[in-house]
Amino acid sequence: MRHRGKSKFLHCAVIILLGAVMAAGCTTGKPRYRIGVSQPSSDAWRSQMNEEIQRELLFHPEIEVLFRSADDDSQLQADQIAEFVKEGVDLIIVSPNEAEGLSEVIRSADARGIPVLVFDRKVDSRNYRTYLELDNTGLGRAAGEYMGNLTGGNADVIEIRGLEGSSPAAERHAGFMEGISGMPGIRVVASEAGDWNSDRAYRLADSLLELHPETDAFYAHNDTMALGISRALKARGAEGVRILGTDGTPSLGMRAVKEGRIDATFIYPTMGDMVLRTATDILEGKPVARNIHIPALTAVDKSNVDILLRQDELLREETSKLMTMKRYHDLSEQRRRSQIWLNVILGAVLAAGIAGICLLVKLIRQKVRYQELITEKNKMLEHERDKQKELYRQLDEATNAKLVFFTNVSHDLRTPLTLITGAIDQLASTAPLTEAERPIVVAARKNASILRRLIDEVLDFRKYQGGKLSLQPSEVPVVPMVQEWTEAFRSLARKRDIDLSFHAAPELPRSVAFDALKIERVFYNLLSNAFKYSPDNSRITVSLSSHADTLYIKVADNGIGISPEEQARIFDRFYQVNQIRPTGSGIGLSLAKVIAEMHDGALTVESEKGKGSVFTLALPIRHMDMEAEGVASSVQPGELALSSPFSVGLPDAPVIDAAKPLVLAVDDNPDILLLVSRILGDACNVVTVSNPRTGLKLAAKYVPDLIILDIMMPDIDGIELCGMLKRETATSHIPVLMLTACRLDEQRAQSYSNGADGYVSKPFDVEVLRTRCSSLIENRVRIRKHLLESAPQAPAPEGAATQRAGGNPLERESDFYRRFMETVEAHHTDSRTTTDKLAAELGLSGTQLTRKIKALSNYSPIEILKKYRLQKARRLMAATDKGISEIAYEVGFTSPPYLTKCFKDTYGQTPSEYRASLG
Ligand code: ADP
């Protein structure tokens, strides 16, 4: 578009400039006609004539004249005329050197339509347009008659003629003879051709005077020859001999007369002006006669030469003025033309400028339009981008929703899986299995493990996405461990005739610290992929090696292999080479790589399509810093959760036994409740409830020693329930163990912030649950000990009062215990004080207070009150003189003998014995 605009602009500019040039061309006055003038020679007469033509040209700016002189050479003249014809002049003016010799060239000019104007001399051709004939005969006649008058009719005369064969020479001769014909005294003693030439005339005159010494006069056909004769006479010293010349040009003939070198000359009119006018008329198509006769003019002698020369001078002056004027005119004309040019150029520049501005405006408009277009496009692009963003967001949301759904499903799978594994564990540990049953139980257990592994993989992946995947490293005996992992695939290898081999380099470290569960998962993924993507009868090799500080676990197969492009992508999440018939989840390798990198290691692949693959897991060789870890952990082969030995049998139903701690389990899944009561029933009294609200009530009622809560429950979830329990004075001291399929750490954190004391995720290991429960109950004992030590059966010491109740269960409970002891102190003097009264003071029921105080101190509230009274009584006995009875009533005993009995029971002596012992 811009190109088209530019070319349009150039087009305009060229047109404008062309117009200007044409306009200027019109005003340059370029000649319309070109005339060729061919002179036979360049003597004075010819020069005079040429000057006259030039003068006449002043009035004919439309005519250009080209002058040529043949220098008395007829052939040269013919050539020059031919040249005029060739150049295509509009008219040719010819004065023939000789009558013959030009007919051909004149004919060719005529044939080309070029008119030929012959003047002065005749030509033997009929093809000329006009002949301007000068009266040469008249001229000769006037000379003859003048000769008669000059010499008184008696004289010997020598005639020097022009070129032999030229018409003027012949006619002048004839005229001269005619002029003297009436004068017999005039005798022409000699007549020779001088060829119009001065030197030749000189030599002729000299030699003829030798022959005719009595000669009185000479008649020369032109002034040039007359002057030659004059020189000859002068040289000879001949005086009184008269000379008549011809032509009478001011510069030669007239000057010779004035200087007395010749006696007279006869004007042969040059008529250059007339010749040009006639030519112009012919060119303009005016009627011009074919033959024009020009009469001869008068003689020039001493009597009129001055006037004529003066006239000539004046004419020259006028001509000069005219020429000057012409120059001025030309100059001003030139200026005018320059001005016009300037105006034209200015006009052109202006026009170009306007065109340029128009173009600029157009370009600006175009640019604005382009910009508008671009802005519009940008808007569209932005819109598209927003749309795409929205799509990505929706896609992300959808993916996320899928993942959340997937995670939730995985959670839901964990509970039944726990039940399955629990059931299998029980089955394995109860009756001895028959040979036929054992492989079934083993297969069931193995498949449950696989299922659990897959679920863990998905959940770990979610954890990794949430940035919450963490490592639990332990010192692992790497060779036996990896070998054991490999052996797990042995039966599969056997079934598919795959040669599965294990190699360990000799100098491997005994153990390496890593998260055994996670590395097992990586290894499992690599090995199961090797099996998945290898045909039967192939070979799979697991090898262990080390170099520097790195341990290499290699899994090599000679299966289908992976192309280089696919190799670059298999570690991307959800990427599967076979998209059409996927054989897995596509997260295995991406999670494996993440786990390797979390260990500061790497997972790489070398593979060739159709030849097989080698996956290398590189792990830094590190060891646990036992002290820093506090509790050193080490794993032994076969000790991992997945393969841990099954627990022993469980009692069928909980039996209330006061010696055993009471556990309350709240879970909406009755199967889980059953499993829990079976696991814990041995060591505890287990009360189970599926409704959380009922659970809350039962907790307040029984004030159990441990509460097990499921997190995901309808109505009130486990976390909320835990918070409620912890806020209740009656239950705040009870340890709470969260039990859930939800493995996400945020839930764990939330549970802890709500006061949970422990966390076990489903599917749980029987032993793990049992240990966690007993350790939590144990913890109570620790608290109890602490309370008993820091707050004995006396009002809390000074320091304890300033202790704030915090989130720490120990602090929280010592705060409660301090408040209880303050209540005891306030009411111990009153013998009617009961557990219920104390409980009411603390906002609890009697039973709750009893269970809670019992849990905290191992004593009932009444026992503590009694102990407190006894302690106080003992202090009073030691510090005062008060009587035993008085003291008994003061510390709230109903009677002095009861005090004595209790005192004796507690301290081994009666109050009197005690006082006596004090001295
Ligand atoms: P999947 O659950 O699909 O096996 P992975 O992340 O474990 O997902 O593996 C990603 C892809 O890498 C697989 O779908 C498979 O195409 C390719 N792959 C992994 N291991 C091997 C192997 N040993 N030989 C050939 N292809 C393999």
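Me: Is Glu 284 buried or exposed, or partly exposed?
Reply: Glu 284 is partly exposed, at 36% relative accessible area. Partly exposed lies between buried (under 20% relative accessible area) and exposed (over 50%), with a 1.4 Å probe and protein chains only. This is a predicted model: local features need pLDDT of at least 70, side-chain atom pairs count only at pLDDT 80 or more, and totals for chains, interfaces and linings use all residues. Residues are numbered from 1 along each chain as its sequence is written, and side-chain values use heavy atoms, with hydrogens and water left out.

Me: Which side chain does Glu 284 meet in a salt bridge?
Reply: That of Lys 286, at 3.4 Å, N to O. A salt bridge here is a side-chain nitrogen of Lys or Arg within 4 Å of a carboxyl oxygen of Asp or Glu. Lys 286 is partly exposed too, with a relative accessible area of 42%.

Me: Why would such side chains pair at all?
Reply: Opposite charges can pair when the charged atoms come close.

Me: What about Asp 515 and Lys 518, what distance there?
Reply: Their side chains form a salt bridge at 3.0 Å, N to O.

Me: Buried or exposed, that Asp 515?
Reply: Buried, with 3% relative accessibility. Lys 518 counts as buried as well, at 9%.

Me: Next pair. Which residue does Arg 622 bridge to?
Reply: Asp 600, with the closest N and O atoms 2.3 Å apart. The pair links distant parts of the chain, 22 residues apart. Arg 622 is in the loop between β19 (612-620) and α18 (626-629), and Asp 600 is in the loop between α17 (588-598) and β18 (602-608). Helices (H or I, at least four residues) and strands (E, at least two) are DSSP runs, numbered from the N terminus.

Me: Where does Asp 600 fall, buried or exposed?
Reply: Exposed, at 53% relative accessible area. Arg 622 is partly exposed, at 40%.

Me: Which residues does the network of salt bridges link?
Reply: Arg 34, Glu 64 and Glu 87 are joined in one.

Me: How many salt bridges is that by this rule?
Reply: The count is 41.

Me: Zooming out. How many helices and strands in the protein?
Reply: There are 31 helices and 24 strands.

Me: What share of the residues is buried?
Reply: 46% of the 919 residues.

Me: And contacts, what share is between residues 24 or more positions apart?
Reply: 71% of the contacts with a separation of 6 or more. Contact means heavy atoms within 4.5 Å.
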